[in-house]
Amino acid sequence: MEELAMLVAHVEELIERGDQTELADYLNELNISDVEELIDELPEYGPLFMETLSLKRAVNVFRILDFPTQERILKKLPASLIRELLNEMPPDDRTSFFSELKGDVVKRLIILLTPEERKEALSLLGYPEDSVGRLMTPDYITVKEHWTMPRVLDHIRRYGSASETIDVLYVIDSDGKLVDDVKIKDILLAEPDTKVEDLIDNRLISLHADDPQEEAVTIFRMNNRVALPVVDEQDIMLGIVTIDDILWVANEEYTEDMQRMGGTEALDEPYLDVSIWHLVKKRAGWLIVLFLGQLLTFNVLQAYEAKFTTILVLLMPVIMSSGGNSGSQASTLIIQAMAMGEVTLRDWWMVMKREILSGLLLGIILGVLGFVRIGAEEVIKHTYGDVWYLYGAAIGCSLVGVVLWGSLVGSMLPFILRRFGADPASSSAPFVSTIVDVTGLVIYFSFATFILRDVLFN
């Protein structure tokens, strides 16, 4: 923080002195992440920084800014610089930026592109939103199977500067179909007379353009790749997706899941950039649903009103919180496992068996603690009289039932939502807790009515 403060102070001094040359030299020597932080700290000077930087560095800074900042800066830049920025941006980053803009704005900006870049942009924007096609870039290097190493290296020298990455080269046949990929390390270490076909190991991993971006994140995670090729239904190579774009998607997916698990709709912008009214709209829907769900608690209490005793009422929070907590735990674990690709729809039965066993054991642990707690209070305060063990049994059995039920609800709800095409993260902790609270009361009063029937009705 101290370094950032010194950086900001120095830049403010250069701006006050009006020394554009020194400011340009200073900004161009900084890491692009430092320039990004400067724009965050001095948002009013964002357009100035972009105009001062060299074009290449301005592009690199612009592509790592969050969308609201990009949009704010773009509105204040001259048309000539906007044209240069958009034409120099990597196709995948430009597509991501266009995807966030309104349609009429995109139309005005696409006109600024060169015919070749415009064709490329329209092609990428033609893929479904949140598909792999929106992430890919057509800037990559392909080679043929019969090429020798000298020819491959000469090809890299000629076209490598325009490629997104040269860590991996892609082998295609005469029809443009993807055959395999080859690491640059293998190319550099091979003998000169070696042909590309001799380096092929037939362990190709590829993505399809229409695949969901979430699946691509999982594939990258499982295979430890810096880039993966993208093909169509005929295995024609269309482009590549690089790890930096996947990390961006993974971060957005994680943020959305955390927000949904907290009982709110996913925010489209950073929290501080969202208006109060928009924030209220995002949160109100879930709060209304949860409120209406909690109203069912009143109906349950009303149904068992005649069987109430002060002691039973005082013990209700213990039962409700335990069931809600176990359900929230199970829900969080399963949602995370689904996001990591560790659990799929077909694993539901295995998960259910595990949750039945773990929920039962957890319930027994809490049930024993609950029974001991009732016994200890009887010894100290003589609260329950001669029937203390019945109250202890009612609490103990209720805890076993509620914790088991909470585990089942929390673990199965994400599967149900996924099965019907909804986001499993929507089975948020507050939602699960509400369901288990209502049903937990039924379990509690059912056990209490059965075990304490001689006490309650005499």
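**Figure 1. Asp 130 sits in the loop between α10 (115-125) and β1 (142-143).** The model is predicted: local features need pLDDT of at least 70, side-chain atom pairs count only at pLDDT 80 or more, and totals for chains, interfaces and linings use all residues. Residues are numbered from 1 along each chain as its sequence is written, and side-chain values use heavy atoms, with hydrogens and water left out. Helices (H or I, at least four residues) and strands (E, at least two) are DSSP runs, numbered from the N terminus. Asp 130 is not a glycine, yet its phi is positive, about 65°. Most residues other than glycine have a negative phi. Asp 130 counts as exposed because its relative accessibility is 51%. Here exposed means over 50% relative accessible area, buried under 20%, and partly exposed in between (1.4 Å probe, protein chains only).

**Figure 2. Asn 224 lies in the loop between α14 (213-223) and β5 (227-231).** This residue is not a glycine either, and the phi of Asn 224 is positive at about 55°. With a relative accessible area of 72%, Asn 224 is exposed.

Figure 3. A salt bridge is a side-chain nitrogen of Lys or Arg within 4 Å of a carboxyl oxygen of Asp or Glu. Glu 13 is partly exposed at 39% relative accessibility. Arg 17 is partly exposed too, with a relative accessible area of 47%. Glu 22 joins Glu 13 and Arg 17 in a network of salt bridges. The structure holds 10 salt bridges.

**Figure 4. A salt bridge joins Arg 63 and Asp 93.** The closest N and O atoms are 2.7 Å apart. This pair links distant parts of the chain: Arg 63 belongs to helix α5 and Asp 93 to helix α8, 30 residues apart. Arg 63 is partly exposed at 23% relative accessibility. Asp 93 is buried, with a relative accessible area of 11%.

**Figure 5. Arg 94 and Glu 117 are paired in a salt bridge.** Their closest N and O atoms are 2.7 Å apart. Arg 94 lies in helix α8 and Glu 117 in helix α10, so the pair ties together parts 23 residues apart in sequence. Arg 94 is buried, with a relative accessible area of 1%.

**Figure 6. Thr 95 is a buried residue of helix α8.** Its relative accessible area is 2%. The side chain of Thr 95 reaches the backbone oxygen of Pro 91 at 2.7 Å. This is a polar contact: a pair of N or O atoms within 3.5 Å, where, within protein, one must be able to donate a hydrogen and the other to accept it, and residues adjacent in sequence count only if both atoms are side-chain atoms. Leaving aside neighbours within four places in sequence, Thr 95 is in contact (heavy atoms within 4.5 Å) with Leu 124, Leu 125 and Arg 134.

**Figure 7. Helix α5 (residues 55-64) packs through its buried residues.** These are Arg 57, Ala 58, Val 59, Val 61 and Phe 62. Their packing partners are α2 (20-29), α3 (32-41), α4 (46-52), α6 (67-74), α7 (79-88) and α8 (91-100).

**Figure 8. A nonpolar surface patch includes Val 368 of helix α18 (residues 348-381).** The patch covers about 510 Å² and is made by Leu 357, Leu 360, Leu 361, Ile 364, Val 368 and Val 372. Patches are made of residues with over 30% relative accessible area and no salt bridge; like charges are joined within 9 Å, nonpolar side chains (Val, Leu, Ile, Met, Phe, Trp, Tyr) within 5 Å. Accessible areas come from the Shrake-Rupley method with a 1.4 Å probe, and for residues only the protein chains shown count as cover. Val 368 is partly exposed at 46% relative accessibility.

**Figure 9. Residues 356-376 and 388-417 are among those that an unreviewed UniProt entry annotates as "transmembrane region".** Such annotations may be inferred rather than shown by experiment; positions follow the numbering used here, and feature names are shortened. Residues 356-376 are 100% helix and 0% strand, with end C-alpha atoms 30 Å apart. Residues 388-417 are also 100% helix and 0% strand, and their end C-alpha atoms are 43 Å apart.
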